[in-house]
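Please open the structure in a viewer and keep the selection tool at hand.

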Amino acid sequence: MERDERKNSVGIVQTQYFTFDSLKLESEESFGPVVIAYETYGELNKDKSNAILVLHALSGDAHAAGIHEGGNNPGWWDALIGPGKAFDINKYFVICSNILGGCKGSTGPSSINPKTGKPFALDFPVIGIGDIVSAQKQLIDSLGIEKLLAVAGGSMGGMQVLSWLVKYPERIRSVIPIATAIKHSPQQIAFNEVGRQAIMADAHWNAGNYYGGSLPAKGLAVARMIGHITYMSDSSMAEKFGRQKKDSSQQFKFTADFEVEGYLRYRGDNFVKRFDANSYLYITKAMDNFDASEGRPFQDVLEGAKVKALVIAFKSDWLYPAYQAKEIAKAFKLSGIEATYCEIDSTYGHDAFLLEVEEETHLIAHFLKKVFYGYEVTGNYGK
Amino acid sequence: MVNENIRLDHKMILGLVDPRSTVLDLGCGNGELLYILIKEKNIRGQGIEIDEQAIYKCVAKGLNVFHGDIDTGLAEYRDKSFDYVILNQSLQQVQHVDKVLIDALRAGKKVIVGIPNFAYYVSRLQVFFRGRVPVTPSLPYGWYETPNLHFLSISDFISYCRLKRIKIEKSIYLNERRDIVFLPNLFAQTGIFLISSIIKDPGKNDYTGTFDKSAIDTWREMIYFFTRDYSDLVIDEVVGENWAQGEKFFA
C-alpha cells in the first residue's frame, strides 16, 4: 500500500524556517526572536487564493507530506496531501506549520536562550494555543497571503483551527476542525496531567534542566504510552494485538509479555528519541488551558464570522468524543456559519483522523472544491 | 425552467417554496430536494440526515448537512431560524412526532410535511383481501425492514392538525404520476401539507378541540363495547384455551 501511495506523493520536500523578531504572547509578555519550521506543497497561485494551512497534533511536526532527501519517512498526513488527494496540490498550495513551543525546528524550551546561551528549559514562557496561532499568522503574513482558503487539522491541530477562527476570522475562508474540542473536558486534562506527572517524577527531569545530561526518558516514555492508549479504541486494540503473547523467553518477571505491552514500550522508547520532555509539558498545558469559547457561549464568540465549515468526528474516538465536535457544529449552526458535520463510522479511535483516508478524502475534497470555486451546489439532477 | 426528471413530490414542494428563502430539510437523504431547491429557487439550505452514506452524497452535491437524528437535531435552532422546515417522507420515521412538529413550527416560519398515505385504496385492498400489511410505492417496505415508526393517513394528519390547532395553509395530494383531487384519502399515495404555527391562545370561544375529543371518545366507547363483548364470548365458548386449534378453526 505504501508503494502505491508513493505514486501520488508530493515527492522530495524540505523543511523551511521563518524567523521573526518578536511575538506578543497572550500573557502580554513579548517573546523573541522566534523561529517557526514549516513545509509547503504545491504552487501558490497568482492571486494567492489557493493557500491551505494544515496544523498538526501534539507530537506532529512541519513534515506533513512527501519525504525528505535521503530519508524514507512520509509526512504525517501524506495520505491526504498530494496530487489528486484530499488536499490536492495540483490545485492548492498547502502549508504545514510546526508549533511554537515544539521541538521540531521551531522555538521551544529546548532552543537556546539568546540571553544565557543555554536552553530555555523552564525559562521558556507559558504559551497558549492562541500564541501558537499568532506565530503562524506571522508566517502567513510573511508569505504574502491575505486570505487562507482553509485552515485544517485534527486533535490539537483542530484546536489551532478554532483559535484561527476566533482570532483571525477575516483571514480565512473556511475551517476543517477534525476530532477536536472547543475546550478540554476534565477527562482529557486528567490524561495529560498523568503524562506530565510521569515526566516530572523522572529523576532525570531535574526541574527541566536535563539538557546535556541524561534525559527523563522513562517519564516521557510513560507519558507517550498513556497517550497511545487514549489514541486507540478498545476494538482497534483487540484487533491489533488480541491477547497475543510475545515469544521471547522470560528472563525476569514483568517483561512485556503481551503484544500490546511490547507495542507501548516500543512507542514510548521511540518517542524519547524524537521529542523533548519539556515541550511535552508546555504543549499539553497549552491544550488543557485552551478554550475557544473564552468562557462564553461559543456561538457568541463566532458572531459575524463569514466562513464555511466542515466538522468531522469519529464514532470510536473516546479521547475527543463526537459530542465535542457536535458542540462545535452546533455553535456554527447557531452563529449562522454554513457548516457540514459528519461522524465517520470508524473503529480506530482518535487515531482515525490519520487513518480514515477514504472518507476524509471524500468530505474534504468536495468541501474545498465548493469553497474554492465559490459556488454552492455541484453535480447534476438525479444523482 | 423546472427539469422534467424531478420527482413529482419534489416538484410540488418546489412550488410551495419562495425564491431566496432559507430552508431546513429534516431527513434530507441524498440531498436531492435541497439541491433542486437551491438550483431552481436559489434558497439557502441546510439538511439533517442520520445515514452516513447519504451525508457523503450530500457533500458531493456541495450541500451543508448535519449528521444526526431529527429528534435531537432540531431543538438547537433559534425560533424562526428558517423560512421553511421540510419533513418530506421523514415525519413517520421520527420517534416523537409531536415534539418534532412543534419544534419544526417553532424553528421555521412554515413547515412542509410530506407523508405516505396508509389509507390509499391499494393498501386497503391489500389488508382486506390478502390480510397482509400493505406494500405500495409510497410504503415500499416489508414489515420486518421498514424504517417507518408511525403509520398514518391523509385524514389522520388533517385531524391531527385540527386537534393541535395547526393551520393547514395548503394541501397537495399525489399518486405516482399526478395530483389527486377526488377522495384523496382513498386515491392519493402521498399528502403534502404546508402548515404554519399553532393557533395560539385557545380561548373560551374555541371549542373545536374539546368537541373533537368528546366525539372520538364516544366512538371509542361504542367500538370497545361491541368488540369486547363479542370477542370474550367467542374465545371462551368456542375456542377455549387451545389457541392453535382456534386459529385453524377460524381459518
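This is a predicted model: local features need pLDDT of at least 70, side-chain atom pairs count only at pLDDT 80 or more; totals for chains, interfaces and linings use all residues.

Begin by colouring chain A by its domain assignment: domain 1 takes in residues 2-184 together with 291-373, and domain 2 takes in residues 189-285. The C-alpha centres of these two domains of chain A are 25 Å apart. Where they meet, 22 residues of domain 1 of chain A are in contact with 17 residues of domain 2 of chain A. On the domain 1 side of this contact in chain A, eleven residues are nonpolar, ten are polar and one is charged.

**Helix α8 of chain A**

Next, select residues 277-289 of chain A, which form helix α8. From its first C-alpha to its last, this helix of 13 residues reaches 19 Å, close to the 18 Å expected at 1.5 Å a residue. To see them, display the side chains of A:Ala277, A:Asn278, A:Ser279, A:Tyr280, A:Leu281, A:Tyr282, A:Ile283, A:Thr284, A:Ala286 and A:Met287.

**Helices α2 and α3 of chain A**

Two of those partners deserve a separate view. Select residues 129-142 of chain A for α2 and residues 156-167 of chain A for α3. How do these two helices of chain A pack? Their axes are 9 Å apart and form an angle of about 70°; α2(A) and α3(A) are therefore roughly perpendicular to each other. At the contact, α2(A) presents A:Ile129, A:Gly130, A:Ile132 and A:Val133, while α3(A) presents A:Met159, A:Gln160, A:Ser163, A:Trp164 and A:Lys167. Five of the residues in this contact of α2(A) with α3(A) are nonpolar, three are polar and one is charged.

**The contact between chains A and B**

Finally, display chain B as well. Here 22 residues of chain A are in contact with 20 residues of chain B. On chain A, select α10 (322-335), β16 (338-344) and α12 (357-373), each of which supplies at least two residues of the side that touches chain B. Which element of chain A gives the most to this side? It is β16(A), with six residues. The chain A side of the contact with chain B consists of nine nonpolar, six polar and seven charged residues.

Notes. Residues are numbered from 1 along each chain as its sequence is written. Chains are lettered from A and ligands numbered from 1 in the order in which they are written. Axes are lines fitted to C-alpha atoms, for helices over the stretch in contact, and angles run from 0 to 180 degrees between N-to-C directions. Helices (H or I, at least four residues) and strands (E, at least two) are DSSP runs, numbered from the N terminus. Angles under 35 degrees count as roughly parallel, over 145 as roughly antiparallel, 65 to 115 as roughly perpendicular and the rest as oblique. Two residues are in contact if their C-beta atoms, placed from the backbone, lie within 7 Å. Ala, Val, Leu, Ile, Met, Phe, Trp, Tyr, Cys and Pro count as nonpolar, Asp, Glu, Lys and Arg as charged, and the others, Gly among them, as polar. The expected span of a helix is 1.5 Å times one less than its number of residues. A residue is buried if 20 or more other C-beta atoms lie within 10 Å of its own, exposed if 12 or fewer, and partly exposed in between; C-beta atoms are placed from the backbone. Domain bounds come from an automatic or database domain assignment.
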